[in-house]
Amino acid sequence: MKNTDTAGLEKEFQDRIDRGEIIEPKDWMPERYRKQLIRMMSQHAHSEVVGMLPEGNWITRAPSLRRKAVLLAKVQDEAGHGLYIYSAAETLGADRKDLLAEFLSGRAKYSSIFNYPTLTWADMGAIGWLVDGAAIINQTALAKCSYGPYARAMIRICKEENFHHKQGYEILSTLMKGSLPQRAMAQDAVNRWWWPSLMMFGPQDANSPNSEELLRWKVKKYSNDELRQRFIDRTVPQAEHIGLSFPDPLLKWNEKRRHYDFGKINWEEFFNVINGRGPCNRERMKARKKADEDGLWVRLAAEAYAAKHPNLN
Ligand code: 3HC
C-alpha cells in the first residue's frame with residue numbers, strides 16, 4: 001500500500017534518492033527540496049545572465065575578427081545557459097517573472113565572480129580558463145544530481161563550458177608565447193582572478209548552511225571544499241605548463257595528501273561581495289535593470305500578439 005502521510009512520503013522520497021533514482025517534475029517531493037532547488041537553480045540562472053556582462057565589455061575590443069567571433073559565441077552561450085536553467089526551474093512550479101523580480105530587487109544572489117572588473121584582454125583568457133574551469137568542476141557534478149531537468153540541462157551546458165575553458169586557456173597560452181608586456185598582462189590577469197575563482201565554490205563546508213540538506217538529497221554530490229580542492233589540483237599543472245603561476249606562496253603539492261595545499265581565502269572579501277559590496281555589484285545590477293526596462297516593449301508586444309492568436313500556444 002502506498003504511503004499518504006508526509007513522514008511516510010518523505011521516507012519513500014529519501015529511499016528513492018538513496019537508491020540513486022532521478023526525481024522528475026511530477027513526482028512527489030518535500031516542499032523544502034523544491035524550495036532549495038528553486039533557490040539554487042534561479043541563482044545559477046541569474047549568474048549565467050550576469051556573467052555576460054564582464055566579457056561583453058570586450059566584444060568591441062577583441063584583438064582580431066577570430067577572437068571577436070569566439071567571444072561573441074561564448075557570451076551568447078551564457079544567455080542560452082540562463083534560459084535553460086530558468087526553464088528547468090519552471091518545472092518546479094516557479095514563475096520566471098517572480099524569479100526575475102527577486103533578482104532585480106537584489107533579494108536573490110548571483111555568483112560572486114561576476115562582480116570583478118575586466119581590465120585587459122588577458123582577462124578574457126583568465127575568465128575562460130579559471131572561471132569556466134571552476135564552473136565545469138561544479139557543474140559536471142550537478143549533471144549527476146537527483147533532479148532530472150537540472151541534471152539534463154547541465155549535460156548540455158558542460159559541453160559548451162568545455163569550449164569556453166579551452167578558448168580561455170588558448171588566449172593565455174598565446175599571450176605567454178608573446179612579448180614581455182603580453183606575458184606580464186597574462187600573469188596580472190591570473191593574479192587577479194585566482195582567489196575570486198576559488199570563492200566561486202562557496203564558503204568552507206563548516207560555514208555552508210545549505211550543504212547538509214543538499215548532500216543528503218544528492219543535489220550536491222560533493223561538498224564546496226571537495227570541489228574547490230579538485231579545481232586546484234587540476235588547474236595548477238595547467239598553469240605550470242604555460243609558465244603561469246598563482247599568487248599564493250603556500251600553494252604546494254602535498255605528497256602525503258596527494259593534493260595541493262593552499263593559503264587562506266579572504267572570506268571577508270567573499271561575504272562583502274555576496275552581500276552587494278563587491279567592486280562591480282552596483283554596475284552589474286544597474287546594467288541588468290536597464291536591460292529589463294529596455295526589453296519591456298518586446299515583452300508587451302509578445303503578450304499582445306499571443307492574446308490575439310490564442311491558438312499559437
Ligand atoms: N557567489 C554568490 N553566492 C554564493 C556563492 C558564490 N560564489 N557561494 C555561496 N553563495 C551563497 C549561497 O547561495 C547561500 O546563499 P543563500 O542561502 O542566501 O541563498 C550562501 O552563500 C551560503 O552558501 P552555501 O554553501 O550554504 O550554499 P549552497 O549549498 O547553495 O552552495 C553553490 C553554493 C556551490 C554556489 C551552489 O549553490 C551551486 O553549486 N550552485 C549551482 C552552480 C552555480 O550557481 N554556479 C554559479 C556560477 S555561474 C557559472 O558557472 C557560469 C559560467 O558560465 C561561468
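1. Asp292, Glu293 and Asp294 in α12 meet Leu296, Trp297 and Arg299 in α13, contact being heavy atoms within 4.5 Å. The residues of this contact of α12 with α13 divide into 2 nonpolar, no polar and 4 charged; Ala, Val, Leu, Ile, Met, Phe, Trp, Tyr, Cys and Pro count as nonpolar, Asp, Glu, Lys and Arg as charged, and the others, Gly among them, as polar. Helix α12 (residues 281-294) and helix α13 (residues 296-308) pack at about 35°, their axes 4 Å apart. Axes are lines fitted to C-alpha atoms, for helices over the stretch in contact, with angles from 0 to 180 degrees between N-to-C directions. Helices (H or I, at least four residues) are DSSP runs, numbered from the N terminus.

2. The model is predicted: local features need pLDDT of at least 70, side-chain atom pairs count only at pLDDT 80 or more, and totals for chains, interfaces and linings use all residues. Residues are numbered from 1 along each chain as its sequence is written, and side-chain values use heavy atoms, leaving out hydrogens and water.

3. The structure holds 25 salt bridges (a side-chain nitrogen of Lys or Arg within 4 Å of a carboxyl oxygen of Asp or Glu). One of them joins Arg34 and Glu31 (3.4 Å, N to O); both residues lie in helix α2 (residues 31-50), 3 residues apart, about one turn of the helix.

4. Glu170 and Arg66 form another salt bridge (3.1 Å, N to O). This pair links distant parts of the chain, with Glu170 in helix α7 (residues 148-176) and Arg66 in helix α4 (residues 65-90), 104 residues apart. Glu170 is partly exposed at 29% relative accessibility (buried is under 20% relative accessible area, exposed over 50%, partly exposed in between; 1.4 Å probe, protein chains only).

5. There are 14 aromatic pairs: rings of Phe, Tyr and Trp (its six-membered ring) with centres within 6.5 Å, stacked if the planes are under 30 degrees apart, edge-to-face if over 60, and otherwise tilted. Trp194 and Phe231 are stacked, 6.0 Å centre to centre with 25° between the planes. Trp194 lies in helix α8 (residues 180-199) and Phe231 in helix α10 (residues 224-241), so the pair ties together parts 37 residues apart in sequence. Trp194 is buried at 0% relative accessibility, and Phe231 is buried at 1%.

6. Phe231 also pairs with Phe201: the centres are 5.5 Å apart and the planes at 40°, so this pair is tilted. Phe201 is buried at 6% relative accessibility. Trp129, Tyr169, Trp194, Phe201, Phe231 and Phe246 form one aromatic cluster.

Key. Helix = DSSP H or I, 4+ residues; strand = E, 2+ residues; numbered from the N terminus.
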